Amino acid sequence: MSSPSLKLYRLRGIFIVYYILKSIAGAVIAFGVLRPIAVGRYGLQEWSPGALAVFSLAITALILWLAWLVFGQLLQRRNWARVLLLVIGWLTVISAIASLLLAPQASAMGSWLSRWVAPLGLDWQKLLAYDRVQKVFELLFWGYLISVLQFDQAVRDEFFPGPDAKDAPPER
C-alpha cells in the first residue's frame, strides 16, 4: 500500500475512534448534566431515559454511517469527498478557535447563567469544561485531517493524477 493510501486509511480509522469516543463522552456528560431536566418536573414525560439513549445512539450511528460513506468515497479518490471533508474541517477548526478564544467571556456569562438555571439543577461549569476539552480534540483531529488532505503533496497528487498516469482521463 502506498503512503498516501495508508494516510487515507489511517485518517478514516482515527475519525471512527475520535467520533465514537466523542459520542460516548458527550452522552455521559449530557446524561449527567441534563438528567435533572429529563427526570425532574421539567422532563419530557413521553420520553423515558432509555428512549432518549436509544434515540441518541440511532442519530450517532446514522452520522457515523454517513461519515463511513464519505470516507469510502475519499478512499476511492473522489475529490468531492476530499473537498467536503476540508470544508467541514475548516468550519470546525474556525468554530473551535472562536469558542476557545471566547471561553473567558463564556465563563463570565456562565456564572450568570448558572444562577439562572440553578433551579433546574444543571452543573453549568461542568458543561463548559467539557465543551473546552471537546474543542481541543476537535482542533487536533480536524487539524490533522486538514494537514493530510490539503497540505500533504503526495495525498493531493492522488486526487489529481498527472497526464501520464494510467487512470488519467484522455486529453482532447
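Colleague: Phe 15 and Tyr 18: buried or exposed?
Modeller: Phe 15 is buried, and Tyr 18 is too. Buried means under 20% relative accessible area, exposed over 50%, partly exposed in between, with a 1.4 Å probe and protein chains only. This is a predicted model: local features need pLDDT of at least 70, side-chain atom pairs count only at pLDDT 80 or more, and totals for chains, interfaces and linings use all residues. Residues are numbered from 1 along each chain as its sequence is written, and side-chain values use heavy atoms, leaving out hydrogens and water.

Colleague: How are the rings of Phe 15 and Tyr 18 arranged?
Modeller: Their centres are 6.3 Å apart and their planes at 50°, so the pair is tilted. Rings of Phe, Tyr and Trp (its six-membered ring) pair if their centres lie within 6.5 Å; planes under 30 degrees apart count as stacked, over 60 as edge-to-face and the rest as tilted.

Colleague: And Phe 141 with Trp 142?
Modeller: Edge-to-face, at 4.9 Å centre to centre and 80° between the planes. Phe 141 is buried at 4% relative accessible area, and Trp 142 is buried at 7%.

Colleague: Which residues form the aromatic cluster?
Modeller: Phe 15, Tyr 18, Tyr 19, Phe 71, Phe 141 and Trp 142 form one cluster.

Colleague: New topic. What does Arg 12 lie over?
Modeller: The face of Trp 68, 4.3 Å from the ring centre. The rule: NZ of Lys or CZ of Arg within 6 Å of the ring centre and within 35 degrees of the ring normal.

Colleague: Which ring does Arg 82 lie over?
Modeller: Phe 159, at 5.8 Å from the ring centre.
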